[in-house]
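Subject: Structure handover

Hello,

Here is the structure you were going to look at. Please open it next to this email and follow the notes below it.

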Amino acid sequence: MDMDLPRRSDLAKYWQLDKNTVFLNHGSFGATPIEILNKQDIYRQKMEKDPVKFFERDYVDYWKKSIISLSEFINANPDGLVFIPNATSGVNTVLKNLDLKPGDQIIVTDHTYQACRNIVDFVTKKMDAETVVVEIPFNVRNEQEVVDLVLNSVCDRTVLALIDTVTSPTGMKMPFEKIIKKLDEENVDVLLDAAHGAGIINLDINKINAAYVTGNCHKWLCTPKGSAFLHIREDKKNNFRPLNISHGASFKGSAQEKFEFEFSWSGTYDPTPWMCIPDSIRHMRSMVDGGWDEIMKRNTELAVKGRNILCQELDIKAPFPDNMVSAIASIELPDKEIPPFSIQGDPLHNKLLDEYSIQVPIFPWELHDTRYIRISSQLYNHEDEYVYLAKALNECV
């Protein structure tokens, strides 16, 4: 492609992304600003100067400070909030705490992140329960269509529904608040997969009142990798345990103290990604006038604009309304042939990276018998990057 690489936004100076790559994939792993990486180094230096003193005297205070900061950001009860490495760990933790009985049903959708779908299938198979897959078309007219499809799958054996805030492969912002409210009326608990949650949409945990919520901080809050949370509603906390059973199992204290200790001390790990949460929330907020509301507004508007650019170039109709888009958006590729699985990745993804210097994910989605391309938008992105991608796709597809 005989074109110069497109510009990034003026805010790209806050990140250390490769200048020779058009980075349109914030959604996969996030990207951490330079200042926060430097802050993490300071925390690590403090830890390594005397690791024993750090874990015995300093660590718990840092944990609690980050819990309070995040609980205020997502309006959650801090007593039910704990840190974990990633949202997949959160889904594992909840599902392995369930007291499933033979015949019980867990609802997922066919847009569910495959790793989380695998966990559901694992526990239902082990307990002779059942995974119920709700088929949701990629092309939907409105939110109510999605709500109705989920609710129509509920029966008297339904014990849990795994619902996304924003679906990972298809980039659909789910009407999760409406779904949770309706499922609560049916006495069905919800595990909200907010892997794309904090920082990409307004996530108000006390308001939605889901039984369980798990989400990443290293995506849209831009903390260092390995930073996520799990929130357990108060009535679900009794005997709720972490995946790693460790010293906290024999801890003598109140129920709340035991809950906190079991999750905060499950073995040796690097806690600095969690320690950076307050710093990252503040730093990102300071980048633009209007703070986080403006960040989410800008990113959503840019993703909608980017999707429109791709649809126009490839002569594709947008699959769902703009109000179901957040800072990630997918479109169905005109070439629907799904290539054989390769550990080296999708051929189109590799071609875009190797020949056009574009980092963007391609999802071969066998459940839908098609492939999707998903764009992300973060403060460092610029409209010109989506124009560049559209022209590259027009040559490739």
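Asn-239 is exposed, because its relative accessible area is 63% (buried means under 20% relative accessible area, exposed over 50%, and partly exposed in between, with a 1.4 Å probe and protein chains only). Asn-239 sits in the loop between strand S8 (228-232) and helix H9 (255-264). Helices (H or I, at least four residues) and strands (E, at least two) are DSSP runs, numbered from the N terminus. Asn-239 is not a glycine, yet has a positive phi of about 65 degrees. Most residues other than glycine have a negative phi.

This is a predicted model, in which local features need pLDDT of at least 70 and side-chain atom pairs count only at pLDDT 80 or more, while totals for chains, interfaces and linings use all residues. Residues are numbered from 1 along each chain as its sequence is written, and side-chain values use heavy atoms, with hydrogens and water left out.

Other loop residues

Asp-315 also has a positive phi, about 60 degrees, although it is not a glycine. Asp-315 is in the loop between H12 and S9, and counts as exposed because its relative accessibility is 73%.

Ser-326 lies in the loop between helix H12 (291-314) and strand S9 (328-332). Is Ser-326 buried or exposed? Ser-326 counts as buried, because its relative accessibility is 1%. Contact means heavy atoms within 4.5 Å. Apart from neighbours within four places in sequence, Ser-326 is in contact with Val-166, Lys-173, Ile-200, Ile-201, Asn-299, Thr-300 and Ala-303.

Pro-102 is in the loop between helix H4 (87-95) and strand S3 (105-109). Pro-102 counts as exposed because its relative accessibility is 62%. Not counting residues up to four places away in sequence, Pro-102 touches Met-127 and Asp-128. Pro-102 and Met-47 are 55 residues apart along the chain, and their C-alpha atoms are separated by 47 Å.

Helix pairs

Axes are lines fitted to C-alpha atoms, for helices over the stretch in contact, and angles run from 0 to 180 degrees between N-to-C directions. Angles under 35 degrees count as roughly parallel, over 145 as roughly antiparallel, 65 to 115 as roughly perpendicular and the rest as oblique. A crossing is left-handed if the near helix is turned anticlockwise from the far one by less than a right angle, and right-handed if clockwise. For residue types, Ala, Val, Leu, Ile, Met, Phe, Trp, Tyr, Cys and Pro count as nonpolar, Asp, Glu, Lys and Arg as charged, and the others, Gly among them, as polar.

Helix H6 (residues 143-151) packs against helix H7 (residues 176-185) at an angle of about 30 degrees, and their axes are 10 Å apart. H6 and H7 are therefore roughly parallel to each other. The crossing of H6 past H7 is right-handed. H6 contributes Glu-143, Val-146, Val-147, Val-150 and Leu-151 to the contact, and H7 contributes Lys-178, Ile-179, Lys-182 and Leu-183. These contact residues are six nonpolar, no polar and three charged.

Ile-180 is also in helix H7. Ile-180 is buried, because its relative accessible area is 4%. Leaving aside neighbours within four places in sequence, Ile-180 is in contact with Val-190, Leu-192, Ile-208 and Ala-210.

Helix H2 (residues 34-49) and helix H3 (residues 51-73) have axes that come within 7 Å and cross at roughly 135 degrees. H2 and H3 are therefore oblique to each other. The contact involves Tyr-43, Lys-46, Met-47, Glu-48 and Lys-49 of H2, and Pro-51, Phe-54, Phe-55, Asp-58 and Tyr-62 of H3. By type, the contact of H2 with H3 has six nonpolar, no polar and four charged residues.

H2 also packs with helix H11 (residues 277-286), at an angle of about 155 degrees and with axes 10 Å apart. H2 is therefore roughly antiparallel to H11.

The core

A nonpolar core is a set of buried Ala, Val, Leu, Ile, Met, Phe, Trp, Tyr and Cys residues joined through side-chain atoms within 4.5 Å. The largest one has 128 residues, of which Phe-229, Leu-352, Ile-358 and Leu-389 touch the most other members. H12 gives the most to this core, ten residues.

Regards
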